[in-house]
Amino acid sequence: MTAARALTRAILALGSNLGEREGTLQSAVADLVDRPEVRLQNVSPVVTTKAVGGPEGQPDFLNMVIAIDTTLSSTELLLHCQAVELAHHRTREVRWGARTLDVDIITYGAESSSDPALTLPHPRAAGRAFVLFPWSLMEPNATLAGAPVADLAAAAPDMAGISLDQDVAQDRESGTASRNQHRQ
């Protein structure tokens, strides 16, 4: 008999700038937590952002962050995230190019790794408002590398290009997606 793995909190960032972006994000969240080893704990509001890096002229992204608890190892979680991306027709033809879905593991518990296949915490997250800002809205006291996520977001070069548009968090009472329109 094998011992059950303990739950580990992970922060995942999701983004989409091709196709039906909002529907893709909603469906991807459902797909990510469809396994018994993954439990959804929190969902950020969705933000609209300009593409950071990559080819010029890309459509704007919708970005969000979720908190999960999982018994999957970090490598197993990476493979699961990549399978969800693939199910949503993600292709990897151009680095930082337009995509139907991008799912990144930002943190996995306190795990630190310099493995090129999965660097933890995510090596560029501390400078990307499109990750930090929705995370700070979801978890106002969150920290990354010892710094408050909200402070990192405020200092990130892409913060000026972010607008808060919608909240696709599940209404815990009715189980239906709620949508609130806001502008920052």
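## Around strand β4

Strands β2 and β4 run antiparallel and are joined by 5 bridges; strands here are DSSP runs of E with at least two residues, helices are H or I runs of at least four, and both are numbered from the N terminus. Two strands count as paired if DSSP finds at least two bridges between them. Keep in mind that this is a predicted model, where local features need pLDDT of at least 70 and side-chain atom pairs count only at pLDDT 80 or more, while totals for chains, interfaces and linings use all residues. Residues are numbered from 1 along each chain as its sequence is written, and side-chain values use heavy atoms, with hydrogens and water left out.

| Strand | Bridges to β4 | Sense | Residue pair |
|---|---|---|---|
| β1 | 9 | antiparallel | L14 with M64 |
| β2 | 5 | antiparallel | V38 with T70 |
| β3 (46-49) | 3 | antiparallel | T48 with L62 |

Now the cores. A nonpolar core is a set of buried Ala, Val, Leu, Ile, Met, Phe, Trp, Tyr and Cys residues joined through side-chain atoms within 4.5 Å. The largest one has 25 residues, and L12, L14, L32, M64, I66, L77 and I105 touch the most other members. Elements giving it two or more residues include β1 (8-16), α1 (21-32), β4 (61-70) and α2 (74-87). A second, separate core holds 23 residues, among them W135 and A153.

Helix α1 buries E22, T24, L25, A28, V29 and L32. These residues lie on the same side of α1 because they cover an arc of only 160 degrees around the axis, taken from the directions from the helix axis to the C-beta atoms.

In helix α2, E76 is partly exposed at 30% relative accessible area. Beyond its neighbours within four places in sequence, E76 contacts R5 and T71, contact meaning heavy atoms within 4.5 Å.

Overall, the chain has 4 helices and 10 strands, and 47% of its 184 residues are buried.

Terms used. Buried means under 20% relative accessible area, exposed over 50%, partly exposed in between (1.4 Å probe, protein chains only).
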